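User: Hi! I am new to reading structures, and I would like to work through one with you step by step. Could you show it to me before we start?

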Number of protein chains: 2
Amino acid sequence: MGIAERKSRERAEREYRIVAAARVIAEREGWDAVTIRRLAEEIEYSQPVLYSHFENRDAIVAAVAVEGFREFTVVVREAASGSSGRRNVLKNVAMAYLAFALRHPALYEAMFILPTDLRFAEAGTRPELHAAFQALAAVVTPFCVDVAVVTETFWAALHGLAALERSGRVRPSARGERIALVVRAIVVSGK
Amino acid sequence: MGIAERKSRERAEREYRIVAAARVIAEREGWDAVTIRRLAEEIEYSQPVLYSHFENRDAIVAAVAVEGFREFTVVVREAASGSSGRRNVLKNVAMAYLAFALRHPALYEAMFILPTDLRFAEAGTRPELHAAFQALAAVVTPFCVDVAVVTETFWAALHGLAALERSGRVRPSARGERIALVVRAIVVSGK
DNA sequence: TTGACAATCTAGCAATGCTATATTATTATA
DNA sequence: TATAATAATATAGCATTGCTAGATTGTCAA
């Protein structure tokens, strides 16, 4: 019987509409504007329906974050494959990282700044996060022996650049120079 | 007449008690537990009194952050002056940075993660933030020509390490190696 | 002593996350 | 096909939050 399939398909679709609405509202008006009532209105269902999809509001934010990690992985891979010369790859990925973070501030916030229980270096890491990490690891591999350490550090540096620029604590005008410095550091001292 | 003085002294003291209570509660139970009602209870005044000291809750968080920047500056300076050898200075400051961030997670959160309107690279930067930046700048100066860029990047790298470790996205066990990598990068490629 | 003003409190609003319970739609059974 | 069971959804409400209008108390000068 296709009825059950149709139902679960419709359910999945409704769930996606919740996540999509959350993302759009967050990007337009900030995460504070993403309330359960607002989302319920948006998908044209009553509030308790949302709780049949997600345990609580944080789980909705986490779902947006996971979507962000999927897109992020694609962005990194494309930036990497679209450049030639190992060093250029590094630079372009770094630039793409910052562009991604600053072009979708709410998405990036869900991924890296808002409190989540999405862990990385643990058992039970979600596959989307693992894939994102791997995409970055692939980029730095040619430049280092201890891939894990260098990837973590490269990621941290990029996140730091994004976070500080985001909060206006670093001059936007000098972004290129900071990126150049990070790239040179990986090239020269990844060992 | 010393009456006015006494009054403004008592007022300042009460204000400080608010900030101190906010910090203690945040560190013990997280920032969500820092409510106006809770703070009012703590200082044994009614809620509206808090609004005669601070415009809103965010301003209280910001006050804690500013206190954090003051302590942070001291920590950086001490780590720097307590080490010999320019390269050792860098390493010890980096370690002190991470120790500070992870030892006072709520304080660090107020300083760097929670939304604030404390800006850096702008006119009207609070002196406490400027001093913190200068303390870090002093540490990297021997290793670079463009002090501003290197300081920003060093700071970003350290913040990234702290933030990712905080949220469990990087292996705590490899902290030392990541720090070593950042330090080497500054030494080698600050130019 | 009284009247103005400052300091403080009581009480309440609107919004939030979340849930117990009522209601409606859907399916399976007699 | 009529009805009972169950699933899907809605209504209504609770407790908590940040914040504030308005009442009340205290303090000081005339």
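Predicted model: local features only at pLDDT ≥ 70, side-chain atom pairs only at ≥ 80, totals over all residues.

User: At roughly what angle do the axes of helix α8 of chain B and helix α9 of chain B cross?

Analyst: Residues are numbered from 1 along each chain as its sequence is written, while chains are lettered from A and ligands numbered from 1 in the order in which they are written. Helices are DSSP runs of H or I with at least four residues, strands are E runs of at least two, and both are numbered from the N terminus; axes are lines fitted to C-alpha atoms, for helices over the stretch in contact, with angles running from 0 to 180 degrees between N-to-C directions. The axes of α8(B), residues 147-166, and α9(B), residues 175-189, come within 11 Å, and they cross at roughly 170 degrees.

User: Which word describes how α8(B) runs relative to α9(B), roughly parallel or roughly antiparallel?

Analyst: Angles under 35 degrees count as roughly parallel, over 145 as roughly antiparallel, 65 to 115 as roughly perpendicular and the rest as oblique. The crossing is at roughly 170 degrees, so α8(B) is roughly antiparallel to α9(B).

User: Which residues of α9(B) make the contact with α8(B)?

Analyst: Two residues are in contact if their C-beta atoms, placed from the backbone, lie within 7 Å. From α8(B) come Val150(B), Phe154(B), Ala157(B), Leu161(B) and Glu165(B). Their partners on α9(B) are Arg175(B), Arg178(B), Val182(B) and Ile186(B).

User: How many residues of that contact are nonpolar?

Analyst: Ala, Val, Leu, Ile, Met, Phe, Trp, Tyr, Cys and Pro count as nonpolar, Asp, Glu, Lys and Arg as charged, and the others, Gly among them, as polar. The contact of α8(B) with α9(B) has three charged residues and no polar ones, and its nonpolar residues number six.

User: Which helix gives the largest share of the side of chain A that touches chain B?

Analyst: Here 31 residues of chain A are in contact with 31 residues of chain B. On chain A, α8 (147-166) and α9 (175-189) each supply at least two residues of that side. The largest share is 12 residues, and it comes from α8(A).

User: Which residues are closest to DNA strand C?

Analyst: A residue is near a strand if its C-beta atom, placed from the backbone, lies within 6 Å of it. DNA strand C is surrounded by 15 residues. Two or more residues each come from α2 (36-43) and α3 (47-53) of chain A and α3 (47-53) of chain B. The closest residues are Thr35(A), Asn56(A), Arg57(A), Ser46(B) and Pro48(B).

User: Which helix gives the largest share of the surface near DNA strand D?

Analyst: DNA strand D has 16 residues around it, and Tyr45(A), Ser46(A), Thr35(B), Asn56(B) and Arg57(B) are the closest. The residues of this surface divide into seven nonpolar, six polar and three charged. Its largest share, four residues, comes from α3(A).

User: How far apart are the C-alpha centres of domain 1 and domain 2 of chain A?

Analyst: An automatic or database domain assignment sets the bounds, with domain 1 at 1-54 and domain 2 at 61-189 in chain A. The C-alpha centres of these domains of chain A lie apart by 29 Å.
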